[in-house]
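Have a look at the model first, then read on.

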Amino acid sequence: MNSLLQIGVGAFILLVLFSSMRSCSSSSRYGDTYNVSVQQIAGADAASGLDLQAVGSLVKQAKTGEEFERLLNTPSVGVNNLDLDEDGAVDYIKVTEYGTGNVKGFSLTVDLANNQTQEVATIEIEKTADGRANVQTHGNRNIYGANHYYHSSFGLTDFLLLSWLFNSNRPYYSSPWGYNSYPSYYGRYSPSSYDNYRQRTRNVTSSSTWSSSNTSTVSSTATSPNAGKTADNIKAPLKSPTSSQKSFQARNPSKTVRSGGFGRTSTSTSSPSVKRTTSSSFRSGGK
């Protein structure tokens, strides 16, 4: 009787051990360790919201600084797709004229809050001796990285803005609008997807004469009155953020970073212009 009992107990122990081994094997086989993949959508950074070649095409169309600002912010035109604070609405871009002598320019800025102004880009126009206009757009370092230029050249008949720009009998144009104070044509509208925006601006720039460059092509530059103005509360990934912007983004991750793969959702505050994937692992505590 005792022998039978011992055999039964032994069989039960073996069965428990065998079941435990199968459970471990199955767990290892199907993985209770999950890889979490975090992806930065290719191109989905702050710079992808404003194509500077497309902006240049608007300069060519405008007759005054005020009209340039209106074209830049009119939803149906569709060149502006910036949402720096990622509040779900395209940011209003203000235009401020500056310059001296044969070089005039426009500073493009966004007010994200009171006392939170970010310069986005500058556009400089140089009047040449033969009456042509050399035009360049220069992306702000924080948003586009260092030395981000596009340049082109236009004749007098192709550049309607030239006569207005170099008329000395008028005050410089400075946008009357600001944070929470916008013209009626602006409204609050949602930004387009990255792919839709790229297709839209590609249609605008496909026949343009703009060339990219890492140096200025304007011989005598004037200083923007908004040079050095940065907003700390930018959520959209930046190419070259300030230390304050990095600190804010660490606490307020961008919506353009999305998780994929299996497991828990992760976040990242990196800001590359190409897709980057990082992985981590965690042990499943449940099923």
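Q: Which residue forms a salt bridge with R70?
A: Quick ground rules: this is a predicted model, where local features need pLDDT of at least 70 and side-chain atom pairs count only at pLDDT 80 or more, while totals for chains, interfaces and linings use all residues. Residues are numbered from 1 along each chain as its sequence is written, and side-chain values use heavy atoms, leaving out hydrogens and water. A salt bridge here takes a side-chain nitrogen of Lys or Arg within 4 Å of a carboxyl oxygen of Asp or Glu. With closest N and O atoms 3.7 Å apart, the partner of R70 is E67.

Q: Where do R70 and E67 lie?
A: Helices (H or I, at least four residues) and strands (E, at least two) are DSSP runs numbered from the N terminus. R70 and E67 sit three residues apart, about one turn, and both are in helix α3 (residues 65-73).

Q: Is E67 buried or partly exposed?
A: Buried means under 20% relative accessible area, exposed over 50%, and partly exposed in between, using a 1.4 Å probe and protein chains only. The relative accessibility of E67 is 22%, so E67 counts as partly exposed.

Q: How many residues apart in sequence are the parts that K239 and D45 tie together?
A: These two form a salt bridge, with the closest N and O atoms 3.6 Å apart. K239 belongs to the loop between β7 (211-213) and α7 (243-251), and D45 to the loop between β1 (33-40) and α2 (52-61), so the parts they tie together are separated in sequence by 194 residues.

Q: Is R188 buried or exposed?
A: D87 is partly exposed at 38% relative accessibility. For R188 the figure is 57%, so R188 counts as exposed.

Q: How many salt bridges does the structure hold?
A: The pairs above include D87 with R188 and K239 with D45. For the structure, the count is six.
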